[in-house]
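Dear colleague,

Please find below the structure for your review.

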Amino acid sequence: NRDCSALASNGEILCEDNTCAQGLNTYKTQYVDKVIEVFKKYPEVPVVAIIEPDSLPNLATNMSYQKCSQGESAYKAGVAYTLQQVAALGNVTSYLDVGHGGWLGWDNNLDLVWPIFSEVLQAAGGNETIRGFVTNTANYQPLGSMSNTADPCNLKSQYNFAIDEVHFIDLLDKKFSAHGMTGMHYITDTSRNGVTNERRDCANWCNIQGAGLGRRPTTDVSDLGLSNLDALVWVKTPGESDGTSDTSAKRHDQHCNSQDSHIPSPEAGAWAEDFFVMLAKNANPPLTPGP
């Protein structure tokens, strides 16, 4: 029941019932174990693993969706299993996905999400099974900084003080630390958040028209004001579609035909050449030609 609250990339492994026993076994043996086998072949290669974008955050806010409530036990057990397997390797550093500020930045949502992550980490063997968390995976929330006051999504007016991802990480870390998840580090996805005011509705997430490449992947983040921010990363491949705008497609999600969406767009994961060109043209900082 992957990505259980959306339709664009709905899962290849479906729960047969609320135990999801068969699906969970498939996930472990045919997906996670296969990846671990590859990692084991290259023990000298340092690997950074981004663990299951969108999965656990869905359990905080989207349990009204049947696929989310049905998959709850499998999501928790599957992520815990993955963390256990990865932690047993000496060359892999894990960051667990924790959504973004435009989704979980409200204090009541943070109160919903921390028990889920705490439960999964304890089932996996403890907080030390991960280095920390990754935010904004494949999304468009602004990066910002601790000194930034810009609020392009008008979140403050909705009592959400995570006006950008740096502020979200700060709020998230304070909440986690207050409940025993201390010493965590963070990375955040800047692959498509170079433009900050392109959306008329910041709830829209599918192939956003007017978006641009954000800051380049780097560990030089001292200017952002967070001592526990490890790096800016590009998790989402720029140019890779979020979902199809074809309303007749089986995996069509209405968000891919929103007022903010780039249309037409192909199926999730497929290459969208014109979307990539747009991201490059709108890059902030701008792209500079090579030699």
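Helix 1 and helix 3 are roughly parallel to each other, a term that covers angles under 35 degrees. Their axes come within 11 Å and cross at roughly 25 degrees; axes are lines fitted to C-alpha atoms, for helices over the stretch in contact, and angles run from 0 to 180 degrees between N-to-C directions. Helix 1 spans residues 21–41, and helices here are DSSP runs (H or I, at least four residues) numbered from the N terminus. The crossing of the two, helix 1 and helix 3, is right-handed, that is, the near helix is turned clockwise from the far one by less than a right angle. Contact (heavy atoms within 4.5 Å) is made by Leu 24, Tyr 27, Lys 28, Val 32, Asp 33 and Ile 36 of helix 1 and by Ala 74, Ala 77, Gly 78, Tyr 81, Thr 82, Gln 85 and Val 86 of helix 3. These residues divide into eight nonpolar, three polar and two charged; Ala, Val, Leu, Ile, Met, Phe, Trp, Tyr, Cys and Pro count as nonpolar, Asp, Glu, Lys and Arg as charged, and the others, Gly among them, as polar.

This is a predicted model, in which local features need pLDDT of at least 70 and side-chain atom pairs count only at pLDDT 80 or more, while totals for chains, interfaces and linings use all residues. Residues are numbered from 1 along each chain as its sequence is written, and side-chain values use heavy atoms, with hydrogens and water left out.

Helix 3 (residues 66–87) also packs against helix 5, at an angle of about 50 degrees and with the axes 8 Å apart. From helix 3, Lys 76, Val 79, Ala 80, Leu 83 and Gln 84 meet residues of helix 5 including Ile 116, Glu 119 and Val 120.

Helix 5 (residues 107–124) packs in turn with helix 6 (residues 165–178), at about 55 degrees and with axes 10 Å apart. Helix 5 and helix 6 are therefore oblique to each other. Among the residues in contact are Trp 114 and Phe 117 of helix 5 and Phe 168 and Phe 176 of helix 6. By class, this contact of helix 5 with helix 6 has eight nonpolar, no polar and three charged residues.

Kind regards

How values were computed: Parallel < 35°, antiparallel > 145°, perpendicular 65-115°, else oblique.
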